[in-house]
Amino acid sequence: MLGPMPHESAVDAITISGLTKRFSSLTAVDNLTVDIPTGGVIGLLGPNGAGKSVTIRMLLGLIRPTAGSGTVLGHPITRPEAFLPRVGALI
């Protein structure tokens, strides 16, 4: 595997490993694992109630996951103050 190009960061923009969110008996996000490289573009598609907004809220530190972990710009999602000044989002 080749390393990053000189202008690219070696850190993925977003990494998610086993991210899960349960609200009582409802599982909104179940064991989500994905790596999004710096410069990557993704779309979250799915019907109402599929967990798209819940995933974004967890990544922004607005709600805590039930299980799993993630990073945004190399910082854990449990420390949003480390990356939020560099992130723009609309929910």
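Colleague: What volume does the largest pocket have?

Modeller: Bear in mind that this is a predicted model, where local features need pLDDT of at least 70, side-chain atom pairs count only at pLDDT 80 or more, and totals for chains, interfaces and linings use all residues. Residues are numbered from 1 along each chain as its sequence is written, and side-chain values use heavy atoms, with hydrogens and water left out. A pocket here is an open set of points on a 1 Å grid over the protein atoms alone, where a 1.4 Å probe fits, with protein on both sides within 12 Å along at least five of seven lines. Counting the space filled by probe spheres set on the points, joined across faces, edges and corners, the largest pocket comes to about 480 Å³.

Colleague: Which lining residues are the closest to its centre?

Modeller: A lining residue has an atom within 4 Å of a pocket point. The largest pocket has 23 of them, and the closest to its centre are I14, I36, I42, I56 and L59.

Colleague: And which elements each supply at least two residues of that lining?

Modeller: Elements are DSSP runs numbered from the N terminus: helices are H or I with at least four residues, strands E with at least two. The order in this protein is β-β-α-β-β. Those that each give the lining at least two residues are β1 (14-23), β2 (26-36) and α1 (52-59).

Colleague: Is T55 buried or exposed?

Modeller: T55 sits in helix α1. Buried means under 20% relative accessible area, exposed over 50% and partly exposed in between, using a 1.4 Å probe and protein chains only. T55 has 7% relative accessibility, so it counts as buried.

Colleague: Which residues does T55 touch, leaving out those up to four places away in sequence?

Modeller: A contact needs heavy atoms within 4.5 Å. With sequence neighbours up to four places away left out, T55 touches V29 and L32.

Colleague: What about T38, how much relative accessible area does that one have?

Modeller: T38 is in the loop between β2 and α1. It's 48 residues from R86 in sequence and 13 Å away in space, C-alpha to C-alpha. T38 counts as partly exposed because its relative accessible area is 34%.

Colleague: Zooming out, what percentage of the residues in the protein is buried?

Modeller: The C-alpha trace spans about 45 × 25 × 25 Å along its principal axes. Out of the 91 residues in the protein, the buried share is 23%.
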